[in-house]
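Morning, everyone. I have one structure to show and a few points to walk through. Let me put it on the screen.

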Amino acid sequence: NTMPYVLIQITRDGVSAEQKATIIRETTEILVKVLHKEPDKTFVVIEEVDTDNWGIAGQTVTRYRERQGAARLVGDPS
């Protein structure tokens, strides 16, 4: 039986320890249920990435969110 390794990357912006524990637990449960993997041989790693190091739409997530927030303030739905 292979030992699965799951890497989950998220932006570092306020995810709680409890939320991360839930992600780890439920990801493990999915692998047990669907692939019949052994939980004690299933590795789940959460890697938090700074929003300045993650890009979307050709810009950093930091800048993207700033623009989205500014657009909402002036009533622009985009």
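Start with Leu35. At 47% relative accessibility, Leu35 is partly exposed. On our scale, buried means under 20% relative accessible area, exposed means over 50%, and partly exposed is in between, with a 1.4 Å probe and protein chains only. Leu35 belongs to helix α1.

Some ground rules. This is a predicted model, so local features need pLDDT of at least 70 and side-chain atom pairs count only at pLDDT 80 or more, while totals for chains, interfaces and linings use all residues. Residues are numbered from 1 along each chain as its sequence is written, and side-chain values use heavy atoms, with hydrogens and water left out.

Now the fold elements. Helices (H or I, at least four residues) and strands (E, at least two) are DSSP runs, numbered from the N terminus. Strand β1 pairs with strand β2, residues 43-49, in the parallel sense over 7 bridges. Pairing requires at least two DSSP bridges between the strands. Within that pair, Ile10 sits opposite Glu48 of β2. Together, β1, α1 and β2 make a β-α-β unit, and that unit is right-handed. Right-handed means this: with the strands pointing away from the viewer, the path from the first strand over the helix to the second runs clockwise.

On to charges. A salt bridge here is a side-chain nitrogen of Lys or Arg within 4 Å of a carboxyl oxygen of Asp or Glu. The count is 6 salt bridges. One of them links Arg65 and Asp13, with the closest N and O atoms 2.3 Å apart. What does that pair tie together? Arg65 is in helix α2 (residues 61-73) and Asp13 is in the loop between β1 (5-11) and α1 (17-35), so the bridge connects parts 52 residues apart in sequence. Both ends are partly exposed: Arg65 at 40%, Asp13 at 37%.

Arg65 has another partner. Its side chain makes a polar contact of 3.4 Å with the side chain of Thr11. A polar contact is a pair of N or O atoms within 3.5 Å; within protein, one must be able to donate a hydrogen and the other to accept it, and residues adjacent in sequence count only if both atoms are side-chain atoms. Thr11 is in strand β1. Buried or exposed? Thr11 is buried, at 12% relative accessible area.

Next, helix α1. Glu29 and Arg25 form a salt bridge, 3.9 Å between the closest N and O atoms. They are 4 residues apart in α1, which means about one helical turn between them. Arg25 also bridges to Glu26, at 3.9 Å from N to O. Shared partners therefore join Arg25, Glu26 and Glu29 into one network. Each member is partly exposed: Arg25 at 43%, Glu26 at 41%, Glu29 at 46%.

Last, the nonpolar side. Which residues form a nonpolar patch on the surface? Met3, Tyr5, Leu7 and Phe43, with about 440 Å² of accessible area together. Patch residues have over 30% relative accessible area and no salt bridge; like charges are joined within 9 Å, nonpolar side chains (Val, Leu, Ile, Met, Phe, Trp, Tyr) within 5 Å. The areas come from the Shrake-Rupley method with a 1.4 Å probe, and for residues only the protein chains shown count as cover. Met3 sits in the segment before β1. At 53%, Met3 counts as exposed.
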